[in-house]
Amino acid sequence: MIHEKYFEMAKEQEKLLSRKNEKNETFYNGIYDRYVYPVLTREHIPLTWKYDLNKETNPYFMERLGINAVMNSGAIYLNGKYYLIARIEGNDRKSFFGVAESDNGVDGFRFWDYPILLDDTCPEETNVYDMRLTQHEDGYIYGVFCSESKDKSVNDLSAAVAAAGIVRTKDLKHWERLDNLVTLRSPQQRNVVLHPEFVDGKYAFYTRPMDDFIETGSGGGIGFGLCDDITHAVIDEEKMTSLRKYHTITEAKNGAGATPIKTDKGWIHIAHGVRNTAAGLRYVIYAFATDLKDPSKVIAEPSGLLIGPRGEERVGDVSNVVFTNGAIVNEKNEVFLYYASSDTRMHVATTTIDKLKDYVFNTPSDPGRSVECVAQRYELIRKNMELLK
């Protein structure tokens, strides 16, 4: 017998799932639009994932398997629909993946009936999260995610080892687990993204070399490496692309985000940068571009952040954070940037390819010193004052 509370809660949830999103009219920067409501939250999770609906075995209709947060979603556009592969964190702190589908990319996201059950090929793996989706020219859709396990080499219960797990699919339903990525010169990897095209006949990855699970250490920024065989991916050497720099948004660490977007001027990357503050680490989103023929070569890097946490976005499980690992470009060249706030919920910002190109290639770069930054701004003001005369 189904508990009557289920029908009451399902009716309330339907109001949330069918709610229309609205552009935030109080925000303007000319680059992108923000929206009033998150696109995914823990309240979007199907009730059947959390509750035993049987009144006999759950007379008080208690949550049996609670959900803490929905965040850090990979994204892909297929057959006119928008799909997010969300990181879903249970109350038990274990993360897993679920597919949410929308007709327009800004609201109406609904999870499929079941989450993704990956092949259990890594007995030491404890947790998985933050999948990036790449529709590769070889015909497969690849998901690259963090595969986390206990670091048994040290006597520290919180010490972990991060590797890049790889799966592939053609329909988002049937997933083939491949070997984890091996980088011979980097002991750990997170925030790895597969490039959508072959480079010199090889699979290309954007990496994030790390000395240990938390600290990048000698890792200088976002790396780039090639491998011959995606099913047993091994990278011998990593070049560096977007570098960490002192007193910038990438000072503590940075990492690749969404799969790079191809334009006629270059590959546009949406990444994250981290700096330390008295209140802890602050994560923001920034953009840069690499060369069409040599995707490891940075050719444009606008100054500062593209998206930072604002208002309610600053509050959550890990506050003062925005993070992206998914973006979509549709047939109208509209761009949907999906980002999580404070490791708690998912949002979208929308723009166009033309606006994104204008921002990336025409916004000045960071000169690196306050006096030079003021001179840069002074010149902008001077030109504007001339126009206003």
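A nonpolar core is here a set of buried Ala, Val, Leu, Ile, Met, Phe, Trp, Tyr and Cys residues joined through side-chain atoms within 4.5 Å. In the predicted model, the largest such core comprises 24 residues, among which L40, V70, I88, F109, F111 and Y338 touch the most other members. At least two residues of this core are supplied by each of the strands β1 (67-78), β2 (81-90), β23 (334-341) and β24 (345-352), and the greatest contribution, five residues, is that of β1. In soluble globular proteins, nonpolar side chains tend to be buried together.

With residues up to four places away in sequence not counted, L40 touches V70, S73, L84, A86, A100, F109, F111, R345 and M346. S73, for its part, is located in strand β1, and it counts as buried because its relative accessible area is 1%, under the 20% limit that applies to this class. When neighbours within four places in sequence are left aside, the contacts of S73 comprise L40, L84, I85, A86, R87, M131, N325, G326 and M346.

At the level of the whole chain, the secondary structure consists of three helices and 24 strands. The C-alpha trace spans about 75 × 55 × 45 Å along its principal axes. The radius of gyration of the chain is 21 Å, which agrees with the value near 21 Å that a compact globule of 389 residues would have. Of these 389 residues, 52% count as buried, and among contacts with a separation of 6 or more, 54% are accounted for by residues 24 or more positions apart. The accessible surface of the chain amounts to about 19400 Å², with 50% of this area belonging to carbon and sulfur atoms. As to charge, the chain carries 48 positive and 57 negative side chains, and the centres of these two sets are 5 Å apart.

Backbone geometry was examined next. Most residues other than glycine have a negative phi. F61, by contrast, has a positive phi, near 50 degrees, and is placed in the loop between α1 (4-17) and β1. F61 is classed as buried because its relative accessibility is 6%. A positive phi, near 55 degrees, is also found for D200, likewise a residue other than glycine, and this residue lies in the loop that runs between β11 (193-194) and β12 (203-207). D200 is classed as exposed, since its relative accessibility is 70%, over the 50% limit for that class.

A further loop position concerns the part of the chain between the helices α2 (353-362) and α3 (370-388), where P367 is placed. With a relative accessibility of 30%, P367 counts as partly exposed, a class that lies between the limits of 20% and 50%. Apart from its neighbours within four places in sequence, P367 is in contact with E372, C373 and Q376. The C-alpha atom of P367 is separated by 8.2 Å from that of S303, although the two residues are 64 residues apart along the chain.

Note on methods. Residues are numbered from 1 along each chain as its sequence is written. This is a predicted model: local features need pLDDT of at least 70, side-chain atom pairs count only at pLDDT 80 or more; totals for chains, interfaces and linings use all residues. Side-chain values use heavy atoms; hydrogens and water are left out. Helices (H or I, at least four residues) and strands (E, at least two) are DSSP runs, numbered from the N terminus. The radius of gyration is taken over C-alpha atoms; the globule rule is 2.2 Å times the number of residues to the power 0.38. Buried means under 20% relative accessible area, exposed over 50%, partly exposed in between (1.4 Å probe, protein chains only). Contact means heavy atoms within 4.5 Å. Accessible areas come from the Shrake-Rupley method with a 1.4 Å probe; for residues, only the protein chains shown count as cover. Lys and Arg count as positive and Asp and Glu as negative; His and the chain ends are not counted. The place of a charge is taken as NZ of Lys, CZ of Arg, CG of Asp or CD of Glu.
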